[in-house]
Each structure stands twice: as structure tokens, then as C-alpha cells.
Amino acid sequence: MASLNMLVVVCLGYVALLFFVAFAADRLAARGRSTWLRSPLIYTLSLSIYCTAWTFYGAVGYAARSGLEFVTIYLGPTLVMVGWWWGLRKLVRIGRSQRVTSIADLISSRYGKSNTLAICVTLLAVIGVTPYISLQLQSITLSFTIFSDADPTAAYAEGSSVLLVAAGLAVFAILFGTRNLDVNERHHGVVTAVALEAVVKLLALLAVGVYVVWGLSGGVDSMMERIDASPIGTWQVHSGRWAAITFLSAAAFVCLPRMFQVMVVENDDERHLRTAAWAFPLYMLLMSLFVVPIAVVGLDIMPPGENPDLFVLTIPLSQGREGLAMLSFLGGFSSATSMVIVAAMALSTMVSNHIVMPIWLSSRGDGASVSGDVRNVVLLSRRVSIAAILALGYFYYRLSGGGAALASIGLIAFAGIAQILPALIGGLFWRGATRTGALVGLVVGFVLWAYTLLLPALGAGLLPQSVLQDGLFGVAWLRPHALFGIDGLDPIVHSVMWSMMLNATIFCAVSLASFPSPLERLQGAQFVNVFDHSAGPRGWTGSVAQSEDLMIMSQRILGAGQAQDLFQREAEAQGVRGHLPEPTPAFLEMLERELAGSVGAATAHAMIGQIVGGSSVSVEDLLAVADESAQMLEYSSQLEAKSVELSRTARKLREANEKLTQLSMQKDAFLSQVSHELRTPMTSIRAFSEILRDADGLEAAEQTRCATIIHDEALRLTRLLNDLLDLSVLESGQVSLNMRYGVLSEVLDHAEAAALAGADTPLKVIREWGGEAVQLQSDLDRLAQVFINLIANAQKYCNAEQPELRIRVQMAGHQVVIDFIDNGRGIPSEAQDTIFEKFVRLRGEKVGGAGLGLAICREIMQRLGGNVTYLTDHGGGAFRVVLPVASRIAAQ
Amino acid sequence: MGRHVLLIEDEPNIIEAIRFLLTRDGWAVETHSDGTDAVEVIRAAEPDLVILDLMLPGRSGMDILRDLRGIPETAKLPILMLTARGQSRDREMAERAGVSRFMTKPFSNAEVLTAVRDLLAQASRP
């Protein structure tokens with residue numbers, strides 16, 4: 001019997017070996033002599049962390065319980081590796097070009113660097129993987145128990161051993177997973193140790209298998225007979241479960257954080273995938289080769305009730321093969337530890353980068369200014385996260401009591417992690433996938449998974465039995481195992497179907513309905529088209545660059561003088577003769593910066609890229625150039641708009657200026673006219689008053705004549721002033737109208753009497769009494785003023801021998817039309833346009849007025865809502881007054 | 001020395017006043033009140049002095065002045081110009097056009113008399 005002490009010693013020795021291997025690999029990698037560390041073999045072996053203790057021990061148990069169904073666990077990854085290696089290559093390429101640190105980082109990065117999404121994926125991963133970690137702890141403990149049961153001398157405390165194992169794994173993960181912050185997040189030590197463990201577990205399983213087939217069954221043939229006789233071989237294939245579990249294991253192979261870690265993050269060379277595409281399926285084939293024989297033999301020879309999960313261990317022990325049992329134990333130990341270490345590392349990166357660091361940075365408040373101490377903080381937060389995740393696994397183990405079968409916990413974890421798949425696949429192949437779609441799909445899938453699978457599996461404590469039986473809130477179609485009334489399905493199939501279907505459907509639907517942000521668009525384009533443009537280094541190699549071309553381009557952008565100065569200075573600094581420097585990378589970078597100041601960074605990069613030819617212009621470059629161009633276009637259209645506005649303002653100003661000039665000229669002309677009209681009567685008054693004063697011996701008649709002229713001219717002055725004031729009031733619009741009711745004939749009577757009073761020449765006024773009886777509402781005094789003016793004009797200017805004025809009144813709708821037509825010679829046609837202007841008098845007109853009368857008439861008629869016009873071709877002078885019968889302009 | 005004055009003016013009361021003044025001072029006063037044919041009237045009348053209003057119906061006094069100065073026989077004819085417009089620009093223009101004397105209305109009778117006497121005295125000097 002193997003003593004427990006012996007086991008502990010071997011175990012510690014093995015751990016020490018792992019530490020040494022990891023340490024040596026790290027040292028080698030640090031010295032740069034790690035070529036063999038980067039071999040495809042190591043990469044393929046590191047992928048074997050897919051095979052955990054669950055696969056090592058559990059596969060046999062699975063086969064013992066459900067026959068060949070365990071194959072599905074290997075089938076999924078094999079299908080992915082063989083059939084979808086190009087998809088994995090894309091994943092690896094993106095992971096490398098985007099410097100992705102975890103699957104949460106990848107999803108977040110794809111969907112516009114959304115941290116919300118990263119947090120979701122991280123939480124999902126922690127919730128999904130924690131039971132899985134506790135499963136590994138449980139397997140180690142169980143295997144210890146087997147040995148301690150067999151060794152009565154040992155005093156073995158189960159709880160403390162788990163704690164010790166957990167702590168030891170944490171130390172290992174911290175030591176080799178967070179030794180330093182590598183830009184590439186690669187951990188050669190850990191990967192090498194994992195590869196070693198992969199070899200150990202494979203050898204262990206093969207050894208047990210060989211022993212079982214050839215040692216216990218006596219060769220292949222008899223083994224086959226035993227298998228045929230065993231109940232395992234006769235069990236039916238449950239196609240729904242097979243499909244579901246194959247799908248789950250395939251999805252988990254891509255989405256599990258630890259798988260992503262070794263497959264994408266730790267990948268050194270894309271070409272390794274080619275090797276892994278055949279080597280890893282081969283590895284899994286070997287791992288699964290002896291599962292059925294071990295299970296069959298175990299069921300045969302072991303006592304009933306023995307845990308089939310531990311057949312790998314218990315069969316050699318029962319046959320007294322302690323060395324083999326020890327090897328088997330180491331195989332299981334390797335499976336468990338490698339998984340826990342890598343999972344803890346991957347999860348800690350996610351937790352630290354997406355949860356701890358954002359919180360720490362925002363709590364600092366001055367996030368932008370942190371610099372040197374960030375590295376220490378990151379390392380510390382990773383270490384704490386690793387410890388916390390292992391502690392979580394430990395507590396989960398303690399709480400769950402380690403009861404559930406290993407395989408079922410593994411499947412539940414797979415189903416949870418698989419919820420990431422739609423967002424991941426959509427992100428890689430569909431540019432239309434959006435952040436909102438990914439988020440909503442993920443949350444829906446996660447909730448459904450938790451409700452239909454995780455909570456029921458955790459036992460009655462978390463989900464009341466009534467919910468399981470009658471559905472949530474007693475609604476039957478919300479029963480966790482029979483959602484929407486679909487009953488009778490296997491819980492795994494049921495959960496996977498609903499959660500994945502709704503997750504994917506909602507992800508697509510919301511993506512189609514929502515609109516991606518520019519960053520999402522850019523990232524989406526980069527992810528989907530990752531193979532279309534090379535992700536080469538950003539620096540320049542100027543070997544083929546033409547300095548002259550660069551010079552020509554720079555001149556166009558910077559201007560000849562500045563560009564020549566720049567090149568000259570560089571040439572001198574390089575010690576090159578002439579004015580063209582060598583296109584060294586440093587010079588090219590400097591030139592790019594210089595150009596970026598003028599045309600924008602992206603354009604400058606693209607331009608130099610074109611000339612140097614060392615780097616093709618990528619989609620990203622083009623997009624950035626387009627952005628810059630759009631900004632410039634917008635700026636220039638803004639300028640254009642401003643310029644249009646300016647010219648409009650200038651035109652308005654010019655117009656206003658012209659108007660002012662015109663007004664000023666009108667004012668000058670008016671003042672000049674007023675001056676003339678005032679000075680003329682003044683001249684007469686002054687002249688005659690001086691005559692009266694100075695000339696002695698004037699006759700009485702002469703004196704009277706002088707006085708009369710002075711008097712007349714004084715009256716003329718008064719009239720002029722009155723007219724000017726009247727016109728000024730009318731023109732300014734400040735006139736107050738006195739609207740009254742009256743009969744037109746009375747107004748005409750009054751006007752005729754006033755106009756003809758004291759007239760020297762007789763004017764015969766002929767009134768045609770057509771519509772004179774009309775009742776008016778108007779300012780009758782102002783109206784009379786117009787009539788007086790017109791009648792007086794006829795009286796003054798009608799040159800007929802027997803002057804006549806005909807006044808005719810007609811109705812036209814709501815207007816009354818009053819014509820004043822005399823029998824004189826009328827107004828010459830060339831003057832008809834101007835007679836209503838101020839100070840306009842007809843040629844040869846000698847009769848007293850200042851030429852304001854008709855201007856005043858026009859203003860008054862406008863105020864009264866009518867007008868006054870000159871009628872042509874009526875023989876004599878003919879004016880027409882049009883007036884509304886009832887004024888609607890009373891308010892004005 | 002001739003004492004023949006031609007007055008070109010359209011305002012009846014001013015014509016009457018100037019005629020009264022000059023007649024009493026011993027001048028022969030002829031009048032005309034339209035600008036259109038003023039130049040022909042002046043050339044036909046051959047006055048010793050012309051009193052010319054600036055604002056005339058038909059033609060501006062300024063144009064008439066320029067015409068007269070362009071004609072040899074009236075180039076040196078004494079011309080007294082009157083205006084009721086109070087603009088200094090008119091005076092400058094008239095002086096450039098060769099006016100002999102420029103007066104703004106309202107004038108004093110004595111001024112007019114003095115001006116007429118002076119202008120004739122200058123003109124009669126050899």
C-alpha cells in the first residue's frame with residue numbers, strides 16, 4: 001500500500017519540478033533563447049488544458065454512466081480544430097494585431113471598446129468558471145482521499161488539504177502568471193509547465209489504459225469481447241443530447257477564458273495552429289482511447305457503488321499497482337492544476353483589467369496623470385484577483401459539499417461560457433453586429449442559462465422547489481426545465497436550445513435595429529477584414545524611399561522654403577552632402593509629424609506610406625483619412641457659408657449706404673429748394689421795404705404798391721411754412737386723422753367756396769350730380785383740403801378763355817371716384833410724372849405757390865386710403881381722386 | 001459809357017424791385033424771364049451789363065453764363081449773378097465759369113446798386 005506520506009512527497013517533488021520548469025522557461029525566454037519554447041509542439045500541448053480533471057477522471061465515469069456519450073466532449077474541439085481552423089486563425093490574428101489580453105477584452109474591443117460588455121463577459125466567465133475550479137479542487141481531494149483510505153496509518157484532514165492545494169495553486173499562478181507585465185501577455189514559464197503536465201496526464205492515462213487492456217483483460221480481442229458484453233456498449237445514442245453536448249464543447253473550446261488564454265493570448269506564431277489542427281485532435285484521440293476499456297473493466301471488477309469517476313485511480317490501487325496508481329494520481333493532479341492555474345490567470349486578467357482597474361482609476365479622480373505606479377497597481381490587482389478567484393473556488397467547494405457528479409458541473413459551465421459565442425462569431429464575421437446587440441443577447445442568454453440550468457443544479461437552497469415544479473410565480477410555462485411549455489427534454493438540451501436560440505436571435509435582431517458608433521464601425525471593419533490589410537509594424541523602413549519624392553510632396557504641403565530648410569537641416573545632421581538626407585526611419589517619423597501638423601496625422605501617415613512603399617495603406621488609415629477630409633470639408637463649408645454671409649452683409653451695407661447717400665442728396669436738394677422758396681419772397685420783402693425806407697418822395701400809389709407786395713410776399717412765406725409743416729407731418733405719418741361721417745356734396749360745396757374766395761379770374765365750376773349724395777366716413781377736413789387744392793389749381797392754371805372745371809362723381813364698388821377736369825391746355829406729358837413731387841412747378845408758372853400743393857394732396861389721399869392721379873387725354877387738366885366710401889384705415 | 005442793363009429773372013416782384021432801383025439810378029432796364037432763349041436775347045440786346053438769376057425756367061443761369069463766356073462778343077460782358085439757393089458750391093462754380101459778381105438773395109438795394117456801378121466802371125476803363 002502506498003503511504004500517504006509517500007504520496008505527499010511525490011506530489012511536492014512534482015510541484016517543485018513544475019516550479020523549476022516554469023522558472024527555467026521564463027529565464028530562457030527572458031534571455032531570448034527560447035526558440036524551442038515557441039515550437040508548435042509546446043503550443044499544441046498547452047491546448048491540452050482543455051482536458052481537465054473532469055476529462056481525466058470524469059470521462060471514465062461518464063462512459064460508465066452514459067456509454068459513448070463522453071466522446072462528444074472530445075468531438076466538439078476536434079471539429080473546431082479540423083473544420084474551423086481558419087476561424088481560429090482569424091481569432092489569433094485579431095488577438096495579436098489588437099493586443100488582446102482576454103476574451104472579455106476581445107469582445108469589448110470589437111464592440112467599440114465597451115467596458116460594460118467586458119464587465120458582462122468577465123462576470124459570466126467568473127460565474128461559469130468558479131464551479132469548474134472547485135471541481136478541480138474536488139478531484140484532487142477525492143484522489144487524496146482514495147490514498148488516505150488505503151493507508152490506515154495516515155491522519156488526513158480533507159478540508160485543510162483542499163485549502164493547501166488552493167493556496168499552492170494560487171502561489172504558482174501568482175509567481176509565474178504575474179511576474180511581470182508583458183506587453184504581449186505571454187507567460188512562457190506557465191505554458192511550458194502546462195505542456196509538461198499535458199505529457200504527464202497523457203502518459204498516465206495511456207499507462208492505465210495499457211495496463212487495463214493488456215494486464216487485466218489479456219489483450220485487445222478479449223477486451224473487445226468484454227466491451228460488447230458490457231451494458232455500456234448497448235446503450236442508445238440520444239441524438240439531441242449528442243448534438244447539444246458536441247456543440248457545447250465546441251463552443252467552450254473557443255470561448256473558455258483559459259482556452260482563449262493559451263490559444264490566442266499565448267500564441268507566438270499563427271502557423272502553430274496548422275500543427276495544432278492535426279496534433280491536438282490526435283492528442284485527444286489518445287486521451288479517449290482507453291476510456292471505454294477502463295470504464296468497462298472498472299464496472300466489472302470493482303465493487304458496486306464504487307465511484308466510477310475514480311476508476312483510473314482505484315483500479316491500479318485495487319490490483320496493488322501502487323506505482324501506476326501514483327502515476328495516475330499525478331496525471332489527475334496535472335490535469336487539475338494546469339487548468340486551475342491558467343483559468344485563474346485568465347480570469348484575473350479580465351477581473352483586473354475590466355473591473356478593478358477602472359474602479360481604481362476613477363476613484364483616483366486624476367486618471368489621466370497616473371504613470372509609473374500603474375504597473376505595480378496592475379500587478380497587485382492581478383495577484384489579488386488570482387487569490388480571490390481561487391478563494392471563490394474553494395468556498396464554492398465547501399458550500400456545495402462536493403456532491404454533484406463531476407461531469408454535470410463541467411457541462412453546466414460549458415453551457416454558460418457558450419453564451420459568449422454569438423457575440424464572438426458575430427463580431428468576427430458580421431460588420432453589422434453592434435454593441436447593444438451583443439450586450440442584450442449576452443444578458444438574455446446568461447439569464448436563461450442561470451434560470452434553466454445553473455440555479456436548478458445548485459440545489460434547493462437557491463431555487464425553491466415550488467419554482468422548479470410550478471414555474472416562476474406559479475406560471476407553468478416559466479418552469480425552469482420546461483420553458484414555454486416545451487416539456488420532456490433533457491435539461492441540458494432544453495437550456496442550450498432556449499438560451500442559445502434566444503441569445504443569437506436577439507443579438508441579430510438588436511444589431512439590425514441599432515446603430516453602431518464610429519469606433520464600433522472602425523473596430524468591426526478591422527475585425528471582420530483582419531486579413532485584408534497587414535498588421536505590420538508601424539515604423540518606417542525607408543530603404544526604397546525616394547528622398548526626392550518626399551521632398552516634392554513636402555514642398556506641396558509645407559511650402560518650398562520650409563520644406564527645403566527641413567531637408568537641409570536633416571542632411572547636415574546626417575552629414576550627407578547635398579540637400580537631400582537619407583530617408584532614415586527617424587527622419588521619416590519626424591517628417592510625418594511635421595506633415596501631420598498641416599494635413600492631419602492619418603493623411604500624413606498614408607502619404608509617406610505611399611512614397612516609402614514599405615507599408616501599404618490600411619483600411620484604418622483610409623478611414624482616418626476620410627475622417628480628416630470630412631472635417632476639412634466641414635470646415636471649408638463653414639468658411640464658405642461665412643463668406644456668403646459676409647458678402648450678403650456687405651451687399652446690405654452697400655445698399656444701406658446707397659440709400660443713405662440718396663437720402664442725403666434728397667435732403668440737400670430739399671434744403672436747397674426750401675432755401676430758394678424762402679429767400680425769394682424775402683428778397684422781394686427786403687427790396688421793397690428798403691425802397692420804402694430809403695427813397696424819399698415816393699408817390700402814395702408807389703408806397704401802396706410797395707406795401708402790397710411786401711404784404712403778399714409775407715403771406716406767401718406764411719403759406720410756404722404752413723405747407724412745409726403740413727407735409728412734414730403727413731410724411732412722417734404722425735398725422736392724426738379726424739374720421740367723421742358726412743355727405744360728399746357738402747365737402748365739395750365747402751371746398752369750392754373756399755378755393756374760389758377772392759379769386760380774380762372767374763372759374764366756372766360744373767358739378768355733375770351723379771353720386772354726390774354718397775355718405776362718407778373719412779377725415780372730411782383733409783379731404784376738403786385736397787379738393788380746395790385741385791379747384792384752386794384749376795382756377796390758377798386753366799388758361800381757357802372761359803375757364804371751366806367739371807366735377808364728376810362716380811361709384812366703383814366700395815370706392816367713390818371724383819374727377820376734376822378743366823378745359824385748359826392741361827399738363828404737358830413730360831411733366832405729368834413729376835407734378836406730385838415736392839417743389840415741382842410747371843414751366844413759366846408764375847403764380848405764387850411753392851409747388852407743394854399736389855405733394856400734400858398725394859400724402860393726404862394715401863393717409864385716407866385712397867389716391868390722387870393725373871388723367872391723361874382728357875383735353876384739359878384732369879385729376880382723379882379715389883376714396884373708399886367707408887374708411888377701413890381709421891385706426892392708422 | 002452805356003447805361004443799359006438786361007435783367008434775366010423770373011420772379012415778378014424781384015423784377016419790379018430791381019427795375020425800380022436801377023431806373024431811379026438812371027439806368028435803362030430791359031427784362032427777360034425765360035432761360036431757354038436768354039443767350040440769344042442778350043446777344044440781340046447788346047446790354048452793358050447783365051443781371052442773371054441762377055434758377056430760371058427752361059435753362060439754368062450757370063449754363064447761360066458759360067455760353068456767354070464762350071462767345072467772343074460777350075466774353076467780357078459784366079455779369080452780376082443772383083441766386084436764392086444758399087449753397088457755396090454755386091458761387092465757386094459761377095466764379096470758375098467767369099462771373100463778374102455773385103450775390104445771394106436776399107440782397108440789399110445798396111449792394112446791387114454798388115455792384116452795378118462798380119462793374120460798369122471797370123468795364124468802361126480802357
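The residues lining the second largest cavity divide into six nonpolar, two polar and no charged; here Ala, Val, Leu, Ile, Met, Phe, Trp, Tyr, Cys and Pro count as nonpolar, Asp, Glu, Lys and Arg as charged, and the others, Gly among them, as polar. This is a predicted model, in which local features need pLDDT of at least 70, side-chain atom pairs count only at pLDDT 80 or more, and totals for chains, interfaces and linings use all residues. Residues are numbered from 1 along each chain as its sequence is written, chains are lettered from A in the order in which they are written, and side-chain values use heavy atoms, with hydrogens and water left out.

The lining consists of Trp54(A), Thr55(A), Gly58(A), Ala59(A), Tyr62(A), Phe70(A), Ile73(A) and Tyr74(A). A cavity is a set of points on a 1 Å grid over the protein atoms alone where a 1.4 Å probe fits but cannot get out, and lining residues have an atom within 4 Å of a point. The space in this cavity is about 50 Å³, taken as that filled by probe spheres set on the points, which are joined across faces, edges and corners. The structure holds four cavities of 30 Å³ or more. Helices α3 (53–66) and α4 (71–83) of chain A each supply at least two lining residues, and α3(A) gives the largest share, five residues. Helices are DSSP runs of H or I with at least four residues, strands are runs of E with at least two, and both are numbered from the N terminus.

Val312(A) is found in helix α16 (residues 311–318) of chain A. Val312(A) is buried, at a relative accessible area of 0%; buried means under 20% with a 1.4 Å probe, counting protein chains only. Beyond its neighbours within four places in sequence, Val312(A) is in contact with residues including Phe56(A), Tyr57(A) and Ile294(A), contact being heavy atoms within 4.5 Å. Ile294(A) lies 18 residues away from Val312(A) in sequence and 7.0 Å away in space, C-alpha to C-alpha.

Buried residues of α5(A) include Gly87(A), Leu88(A) and Ile94(A). Just after α5(A), Arg99(A) takes a positive phi of about 55°.

| Chain A quantity | Value |
|---|---|
| Helices and strands | 34 helices and nine strands |
| Buried residues | 51% of the 892 residues |

Conventions. Buried < 20%, exposed > 50% of the residue type's maximum accessible area, 1.4 Å probe, protein only. 1 Å grid on protein atoms, 1.4 Å probe; cavity = no way out; pocket = protein on both sides within 12 Å on 5 of 7 lines; lining within 4 Å.
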